[in-house]
Amino acid sequence: MDQARTTISKIFNGEPHSYTRFNLTQNMEGDNSQVEMKLSSDMDEEVGGNGVGEHLNHNSSRKPYMAQKLGRTPKNLCFMAASTLLIFIIGYLIGYLVHRKKDVAPNCAASVLPFEKPAEHETGAAPLMDWDDVKKLFAQKLSPPKFEPVLSEFSTADHRAGSSGDESLGNKVLNRFKEYGMNSWTDEHFVKVQDPPASGYNKFVFKNGSEERLDGFLSYSGNGAVKGAVLYAHYGEESDFRMLRDKNINMSGRVMLVRAGRISFAEKVANAAKMSASAVLIYPDSADYTSDETTQFFGHVHLGSGDPYTPGFPSFNHTQFPPVQSSGLPKILAQTITARMATNILRQLGGQNVPEGWGVVTKLGDETDVITVEVNNVLTEKKIINVFGVIKGFVDSDRYVVIGAQRDAWGSGFAASTVGTSVLVELARSISDMVKNNGFKPRRSIVFASWSAGEYGSVGATEWLEGYLSSLSMKAFSYINLDGVVSGRNGFKVAASPLMYNLIEGALKEVNYTNQASLYSQFAKGNWEQNLLEPMKLDNAAYPFLAFSGIPSVSFRFTSGNPEYPYFGTMLDTREKLNAATSNQVPQLAETATRFAGHMVLRLVHDHLLRMDLMKYDKIIRNRVAQINREVLKIKKMHPQLLPKALTVKWLIMAHGSYSRASQSLARDIKNSDLEDIEMCRIINDRIMSVERNFLSPYMSPKESPFRHILLGSGPHTLKGLSNHLEALRADNPEADADLFRHQFALATWTIQGCANTIAGDIWSLDNEI
């Protein structure tokens, strides 16, 4: 064997050698580089000539190895033949073992989920069940009568976040997941929330009237007592306060009285705080709410989501973090009052007439309409528990869709949480049964989540997102929200990431509302985006998934039309009230909602490639860029001193062009892809998944601006925020800052460009055009 080794060495180098050393050198006499491989002998002697190096170096003066003198005796030739055969056999065996190991190796990429190794994996790219068969099988698993016992099991009068009732419901969900044979686990967080006064009341006194004690409350309000004049501000939107400012009304220190609706409680309070108001009172107007005039309302006023005392990071253990607060916590007082209390105040107001279109209220209030407001909420720490179950995929098990529902409520919360939890459990039962008993093999995993502390601002869900942000943003490709899916029967609404529009449209057309009509034909009226689509608002539980984590998300609901279901956030959200709003069709509507959500889930885990349309964002970016361009041109024409001459929208337009070309290129790659190539499908899906998260501005702090999405988020860094900033500059608003605008403008431009670069794929796919 030693002689064979010596002979082989002689063939390539002339002498036996113990190791190989590579030396990468630059050919200084020409444009080409060469790789020179030098072999070192046991005695560290330098020898000349080698096959690879000589082949690459066309300028070499050395003789090729074939010209070197070799001993070619019959004995040496025999050793050469034997050695060659031995090398061939060893190489064949190694190749066979490596290939066999690759075929049977499971997909074990790192995951935040406690997945166990599955019993078997699909080794081919094609799913084992046709899509039409999947739809039929799923439909067979569901029926309205199956929902009655589930709705009854998860209906309870007391399950406020962190309570024993909340924990008991969580255990029921966990037991159901285990019963279905799913991998299941829990996630604990210790969060700070505000609750009503443990003793005493929140209260107010208007003029010289009697003291009004309040049972409802708004968590995260400022505490204390303030005295100021009442000022009616309609819905408390930014446009409402601009109208008041245009009337030259001094809003500093005023107590704002606003109607509930249109925007969240938190946004109303934030808008009032910008006007230097001292407090905000929120009431349900009879034009928007049909509830009793003595109904008390509950909610929160944190302009954000999650625990506001651990902004941007998870509440696993407060002692590990320095004291910090979210920038979305208000410093002014906020409180809900009943419709009867508000009517009593409104009829006594003086001052100027209200702007046209502000309803039946006649006067705005003047300096003599004095009110004293006192809020004494208590900050407490609670342990909340999120519950999870997973159905693991058979191809890309470390990629998953998350489907979730909040479990807690202020009171009974039948529409707010019970129906959604029941839909979640029935989805888990149906799909797990398809996998266990009917041969369905999802390509990707499905995570079922039951959240706690949803009423305090999606606290449980957001803390989970914060705890696993780096993993979830890479692996979770969609979130489907089940909160409030049934609140009526006369309408249907959807809020979603534009990436999911095609998926939603397909589900609308394929899921029946009745035996004769699909959801699309029943509600869309030929154009679902125009008639069914609504913006995803700050208080939507899917919003942090989309705007904070960059995960494409969807939320949907059956509605009562106008007015909406009036009992969310009250103690009157019961089975009886929801029955009245749905004509006793709760089980039927819950079953339809389950089929709609299930259709989207199954489609996402069945198809080779994720059903998402990148070109939807192209239109949105184009419209925003055009709006910014118009505003810049107006300012340069009317107020040229406000913006420097060098400022141009050219680079933002070019960034949009880059995104457009990159998305078109990816669309072509999708069209031309080989669906049987598992690795290619995974690479393309990862490029699709990168779109949403790359719209999160990397230049904004999650603590200061948690909703970093430049198209669907909130704040001055968004394209909408840039347009608003330009309008403020043109209106000579003292808060407008031209230098700050230029800073945000540059960052938004590069965020879009960066997204385009990521979609384009590998770094060598980029050039000046992209």
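What percentage of the 770 residues in the protein chain is buried? Buried residues make up 54% of them, where buried means under 20% relative accessible area, exposed over 50% and partly exposed in between, with a 1.4 Å probe and protein chains only.

Before you start clicking: this is a predicted model, in which local features need pLDDT of at least 70 and side-chain atom pairs count only at pLDDT 80 or more, while totals for chains, interfaces and linings use all residues. Residues are numbered from 1 along each chain as its sequence is written, and side-chain values use heavy atoms, with hydrogens and water left out.

**Stop 1: the whole chain.** Show the cartoon, and you have 23 helices and 18 strands to explore; these are DSSP runs numbered from the N terminus, helices being H or I with at least four residues and strands E with at least two. Of the contacts (heavy atoms within 4.5 Å) with a separation of 6 or more, 78% are between residues 24 or more positions apart.

**Stop 2: the second largest pocket.** Select Y289, K537, D539, R557 and F568, which lie nearest the centre of this pocket among its 50 lining residues. A pocket here is an open set of points on a 1 Å grid over the protein atoms alone, where a 1.4 Å probe fits, with protein on both sides within 12 Å along at least five of seven lines; lining residues have an atom within 4 Å of a point. Next, colour helix 8 (265–274), strand 10 (298–300), strand 17 (491–496) and strand 18 (553–559), the elements that each give two or more residues to the lining. The volume is about 1,600 Å³, taken as the space filled by probe spheres set on points joined across faces, edges and corners.

**Stop 3: aromatic rings.** The whole structure holds 30 aromatic pairs. Rings of Phe, Tyr and Trp (its six-membered ring) pair if their centres lie within 6.5 Å; planes under 30 degrees apart count as stacked, over 60 as edge-to-face and the rest as tilted. Select F523 and F558: their rings are edge-to-face, 6.3 Å centre to centre with 65° between the planes. F523 sits in helix 14 (residues 519–524) and F558 in strand 18, 35 residues apart, so the pair links distant parts of the chain. F523 counts as buried because its relative accessibility is 8%, and F558 does too, at 1%. Then pick W185, F388, W451, W464, Y468, Y479 and F545, a cluster linked by ring pairs.

**Stop 4: A662.** Finish in helix 20 (residues 650–671), where A662 is found.
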